[in-house]
Amino acid sequence: MSGYVLTYFPVRGRAEATRLLLADKGIEWKEDVVSIQKWMAGEVNLKKTAVFGQLPQFQDGDFVLYQSNTILRYLARKHDLYGSNDKEKALIDMANDGVEDLRQNYIRLIFQNYETGKQKYLEELPKHLSPFEGLLSKCSQGSGFIIGNKISYADYNLLDILQNHLNLDPDCLKSFPLLSAYVGKMTSRPKLKAYLESEACKNRPFTPKK
């Protein structure tokens with residue numbers, strides 16, 4: 001047992017990329033589930049002690065981290081998911097920052113403007129997906145990962161946000177053959193496939209139910 005503990009709400013949200021990484025590496029972790037209602041009502045003590053008043057929280061023994069992308073980078077350094085040299089690391093960070101930009105757009109839609117903004121969001125989505133298709137095209141004619149031929153932490157984050165969008169619109173990758181193939185490749189990795197097909201994953205919604 002690794003001693004890893006992931007504290008988050010009963011949704012995929014910002015913790016899912018970490019779960020994907022851990023599952024794919026065959027690393028066990030404990031889930032500490034926090035009620036969204038109690039969190040919002042200020043009834044969870046952790047909200048007062050969390051560095052930025054946010055989840056997820058990640059524990060590696062006595063070491064505690066917050067901020068989802070920081071958690072991913074920490075695990076990447078520990079488990080050889082951060083490229084082979086400084087330039088690759090920089091490119092991986094660049095790709096992950098692009099994922100974060102897309103995630104911020106998605107979050108705004110879901111929580112602020114879903115009913116009236118979904119159609120426009122989907123119409124504009126291709127211009128936000130094109131850069132990732134372009135990155136894939138630069139590596140082994142699209143048969144590699146988002147940066148290079150070796151999986152990195154950014155791949156788990158990208159897979160998660162793509163799955164969020166496929167849940168929003170199953171046809172959103174129709175015009176992106178490399179991204180479509182990439183999702184198929186990632187979700188076919190044996191340990192990742194087993195996790196994605198597990199009841200724990202399937203029963204965890206993408207976002208809080210309204």
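Predicted model: local features only at pLDDT ≥ 70, side-chain atom pairs only at ≥ 80, totals over all residues.
# How the helices, pocket and loops get their labels

Visitor: Which residues make the contact between helix 6 and helix 8?

Guide: Helix 6 brings Leu-129, Phe-132, Glu-133, Leu-136 and Ser-137, while helix 8 brings Pro-177, Leu-178, Leu-179 and Tyr-182. By class, this contact of helix 6 with helix 8 has seven nonpolar, one polar and one charged residues.

Visitor: What makes helix 5 and helix 7 roughly parallel?

Guide: Helix 5 (residues 86–112) packs against helix 7 (residues 153–168) at about 25 degrees, with the axes 9 Å apart. Angles under 35 degrees count as roughly parallel, and therefore helix 5 and helix 7 are described that way. Helix 5 passes helix 7 in a left-handed crossing.

Visitor: Where do helix 5 and helix 7 meet?

Guide: On helix 5, the meeting residues include Ile-92, Val-99, Arg-103 and Tyr-106; on helix 7, they include Tyr-153, Asn-157, Ile-161 and His-165. The residues of this contact of helix 5 with helix 7 divide into 11 nonpolar, four polar and three charged.

Visitor: How many residues line the largest pocket, and which lie nearest its centre?

Guide: The lining of the largest pocket has 26 residues, with Tyr-8, Phe-9, Arg-14, Leu-55 and Ile-107 nearest the centre. Helix 2 (36–40), helix 4 (68–78) and helix 5 are the elements that give two or more residues to this lining. Helix 5 gives the most, with five residues. The largest pocket holds about 690 Å³ of space, and its lining divides into 15 nonpolar, eight polar and three charged residues.

Visitor: Which peptide bond is cis, and what is its omega?

Guide: That is the bond from Leu-55 to Pro-56, where omega is near 15 degrees. Leu-55 is also among the residues nearest the centre of the largest pocket. Pro-56 sits in the loop between helix 3 (46–49) and strand 3 (57–60).

Visitor: What is the phi of Gln-67, and where is Gln-67 found?

Guide: Gln-67 has a positive phi of about 75 degrees, although this residue is not a glycine. You can find Gln-67 in the loop between strand 4 (63–66) and helix 4.

Definitions and conventions: Residues numbered from 1 in each chain as written. Heavy atoms only, no water. Axes fitted to C-alpha atoms, helices over the stretch in contact; angles between N-to-C directions. Helix = DSSP H or I, 4+ residues; strand = E, 2+ residues; numbered from the N terminus. Parallel < 35°, antiparallel > 145°, perpendicular 65-115°, else oblique. Left-handed = near helix turned anticlockwise from the far one by under 90°. Contact = heavy atoms within 4.5 Å. Nonpolar A, V, L, I, M, F, W, Y, C, P; charged D, E, K, R; others polar. 1 Å grid on protein atoms, 1.4 Å probe; cavity = no way out; pocket = protein on both sides within 12 Å on 5 of 7 lines; lining within 4 Å. Points joined across faces, edges and corners; volume = space filled by probe spheres on them.
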